[in-house]
Amino acid sequence: MYLYDDFDRTLVDERIDEFRDQVARRLSGELTEEQFKPLRLMNGVYLQLHAYMLRIAIPYGTLSSEQMRMLAHIARRYDRNYGHFTTRQNLQFNWIKLEDLPDVMADLGRAGLHGMQTSGNCVRNITTDQWAGVAPDEIEDPRIWAEILRQHSTLHPEFSFLPRKFKIAITAASHDRAAVRVHDIGLRLHRNGAGETGFEVMVGGGLGRTPFIGKTIKAFLPKRDLLSYVEAILRVYNQYGRRDNIYKARIKILVHDLGAEAFAKEVDAEWQVIKDGALALDPAHAADITARFRYPEYERLDDNPEELRKARSSNRRFATWLDNSIANHKVSGYAIVTLSLKPEGGPPGDATAEQMESIAALAGRYSFGEIRVGHEQNLVLPHVAQRDLPTLWEKLETIGVATPNVGLVSDIIACPGLDYCSLANTRSIPIAQELTRRFRNLDVAHDLGRLHINISGCINACGHHHVGHIGILGVEKNGEEFFQITLGGRADEQAELGALLGPAVPYAEVADVIEDVVAAYVELRERPNELFIETVNRVGVEPFKERVYATR
Amino acid sequence: MPLVKNGKIIDDPYLRVLDDAPVPDDTAVIVPAERLLADAGDFALRAGRTGVLWPNARNVSDLVPHLERLSLVALIFPTFRDGRAYSQARILRERYNFRGELRATGDILRDQFLFLHRAGFNAFEVAKATDASAFVDVIRRFSVFYQPAADGQSIALRRRLDHTGSRSATNSMA
Ligand code: SF4
């Protein structure tokens with residue numbers, strides 16, 4: 001956990017005062033909705049189809065039990081008793097009243113939470129690996145750098161009115177769980193030949209209407225130069241990014257139009273001028289931020305203790321959950337536990353106030369008071385002693401977050417779609433719900449293995465459909481909901497955009513088509529453990545297409 | 001439209017000459033970029049102060065040879081959403097050390113004041129009178145900033161270290 005100091009707290013408090021004043025001016029009529037819009041957006045307040053929506057920043061997906069309890073309180077007191085975790089490690093409340101907003105913000109502020117950097121054309125909440133700090137395959141904790149960047153980009157005077165929103169993601173692990181190649185800036189911490197750690201810098205990745213995989217413009221950037229280099233990128237983008245067309249305004253279009261090399265040259269020219277100025281970091285800066293991260297005092301424990309072995313051999317359902325939802329921790333005797341927010345028939349990523357409270361309490365008891373939010377819209381307890389797993393499992397079962405479907409076909413990522421979003425062409429949550437029913441049989445799901453389905457209700461791609469192993473995109477055709485299906489996308493270190501399966505299909509047929517695609521995979525796979533994505537890579541979409549459209 | 005300079009509402013001493021009209025010799029004027037660049041020699045010989053209205057799509061490095069003789073640079077925000085002039089302002093202040101009046105023009109509303117001020121602007125053509133009179137309050141709303149900019153703030157990371165440094169110094173004396 002990062003601990004706020006007076007400095008951080010003061011800034012949040014001042015922001016809350018300012019917002020209270022802005023809401024008062026709106027309610028009194030001094031501000032029109034048009035004038036109020038940019039102000040509320042800078043605090044994470046959107047106007048949706050039915051009500052205002054508040055998006056709360058969860059920097060790099062790390063929450064304390066206290067913060068989770070506060071979110072439960074907001075859900076209960078000001079909303080309809082639930083919240084929605086998003087693909088950007090944020091939380092959304094869908095039913096907040098305008099006049100309540102200042103109080104909501106003040107309550108949140110007491111727990112160090114706010115809505116800054118969750119909307120508007122600024123640098124958005126910085127995301128990273130939800131297993132940061134505990135993953136065995138990382139070289140160091142990327143949240144240190146996410147926090148340094150968070151601070152630098154918060155209310156930045158030069159970069160709060162960029163051509164478009166700007167997303168940065170960081171990974172420090174060999175397996176990329178932060179999807180850095182589909183961000184405006186992707187950063188990968190790694191070691192160079194001399195054994196120093198620094199960043200590979202990628203720019204211009206992104207989904208949406210024109211998806212691109214980010215291009216590497218610097219193979220190794222020393223840590224001291226992180227802020228100055230990012231500032232140089234932002235400055236080039238702020239001046240030269242397109243502002244005449246909202247669909248061409250993201251940095252990916254600038255990088256594409258100029259070419260990655262020419263873009264890198266521009267950045268470098270700017271960077272040379274500023275790199276030795278006020279933004280140069282020395283090791284003391286990183287050490288100071290690191291010192292503000294509280295790490296658990298782990299006990300010395302052995303892996304696979306007796307309690308665990310016993311429970312595993314005596315309870316098959318527990319064993320299934322263990323194999324599915326537990327990942328290796330870098331400290332022996334501990335485990336990383338994923339809590340599935342994808343129960344059969346449920347909207348992906350939703351949690352009720354009761355669930356949030358229970359999870360806060362369980363985290364306090366079993367995970368050193370810490371919770372993570374992953375971009376797959378699941379939660380994580382990052383520091384659970386393995387001997388506690390049987391007890392924890394029972395409690396998670398009781399509150400409905402122990403469905404052993406993590407990473408499987410029913411662990412679906414879906415945007416809010418037409419149920420909430422004013423930009424939507426189609427529904428996406430009901431499709432996800434129907435698919436979780438079709439694939440409710442866990443034995444089947446386990447036999448299918450890792451398979452990511454991603455659903456977006458329009459081309460804005462909040463559900464990251466391009467990088468789903470199966471992507472589902474809602475489009476409108478003559479006033480009706482249609483869906484394009486893509487296969488073979490992935491967001492990890494081998495990031496790839498999915499290829500179109502064939503003509504769009506109507507709402508009523510989507511679940512059938514996905515079942516056909518999955519059945520085709522089972523026939524086409526070479527061996528039982530060839531993953532869906534591997535089969536698609538090997539055979540391409542053609543055999544799937546034949547199978548799906550033969551009877552349609 | 002009220003003009004706020006250095007925190008006060010003042011009368012604008014500058015005359016705007018945005019066409020080809022003759023420029024009075026001893027009056028303070030603001031002229032468009034093309035005119036300044038075309039007649040740079042003439043403007044250098046004037047008795048009155050000269051300011052330029054600089055487009056937000058043009059590199060401010062083109063202005064460098066003339067900066068010494070300019071008392072004002074006015075930058076443009078066609079809408080508050082178009083933030084290019086923030087970069088221009090910082091570059092003028094921080095890289096080219098421009099010390100004259102840096103004026104924000106266009107769609108200037110109270111909720112941009114602080115960003116503008118921090119980017120190096122010290123004069124503001126404010127769209128609404130109520131916003132102009134609230135200027136000082138708005139600027140003071142925040143007392144802490146994370147990042148260095150043209151307003152001379154130091155980086156938060158650095159200030160924290162200084163702060164911790166002085167605190168531990170006190171501790172060791174106790
Ligand atoms: S993808 Fe489209 S429909 Fe879905 S949340 Fe984003 S904007 Fe709304």
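**Exercise 1. The setting of His466(A)**

In which loop of chain A does His466(A) lie? Determine also whether His466(A) is buried or exposed, and list its contacts beyond its neighbours within four places in sequence.

*Solution.* The structure is a predicted model.

Step 1. His466(A) belongs to the loop that runs between β17 (453-456) and β18 (470-477) of chain A.

Step 2. The relative accessible area of His466(A) is 11%. Buried means under 20%, so His466(A) is classed as buried.

Step 3. Leaving aside neighbours within four places in sequence, His466(A) contacts Leu207(A), Gly208(A) and Pro211(A), together with Ala461(A), Gly489(A), Glu496(A), Leu497(A) and Gly498(A).

Step 4. The side chain of His466(A) also forms a polar contact of 3.4 Å with the side chain of His465(A).

**Exercise 2. The ligand shell**

*Solution.* 

**Exercise 3. Ser65(A)**

Locate Ser65(A) in the secondary structure and describe what its side chain reaches.

*Solution.* 

Step 1. Ser65(A) is part of helix α3 (residues 65-78) of chain A.

Step 2. Its relative accessibility is 8%. The limit for a buried residue is under 20%; therefore Ser65(A) counts as buried.

Step 3. The Ser65(A) side chain comes to 2.8 Å from the backbone oxygen of Ala360(A).

Step 4. Beyond neighbours within four places in sequence, the contacts of Ser65(A) are Ala360(A), Ala363(A), Gly364(A), Gly369(A) and Ile371(A).

**Exercise 4. The interface of chains A and B**

Describe the interface in terms of residues, buried area and polar interactions.

*Solution.* 

Step 1. On chain B, 35 residues are in contact with 53 residues of chain A.

Step 2. About 3900 Å² is buried between the two chains, and carbon and sulfur atoms give 57% of this area.

Step 3. Seven salt bridges are counted between chain B and chain A. One of them joins the side chains of Glu30(A) and Arg110(B), at 3.4 Å from N to O.

Step 4. Across the interface, 19 residue pairs are in polar contact. On the side of chain B that touches chain A, the elements giving two or more residues are α3 (84-95), α4 (113-119) and α7 (156-173). The largest share, seven residues, is from α3(B).

Step 5. This side of chain B comprises 15 nonpolar, seven polar and 13 charged residues.

Conventions:
Residues numbered from 1 in each chain as written. Chains lettered and ligands numbered in written order. Predicted model: local features only at pLDDT ≥ 70, side-chain atom pairs only at ≥ 80, totals over all residues. Heavy atoms only, no water. Helix = DSSP H or I, 4+ residues; strand = E, 2+ residues; numbered from the N terminus. Buried < 20%, exposed > 50% of the residue type's maximum accessible area, 1.4 Å probe, protein only. Contact = heavy atoms within 4.5 Å. Polar contact = N/O pair within 3.5 Å; in protein donor to acceptor, adjacent residues only side chain to side chain. Buried area = accessible area lost by both parts, 1.4 Å probe. Salt bridge = Lys/Arg side-chain N within 4 Å of Asp/Glu carboxyl O. Nonpolar A, V, L, I, M, F, W, Y, C, P; charged D, E, K, R; others polar.
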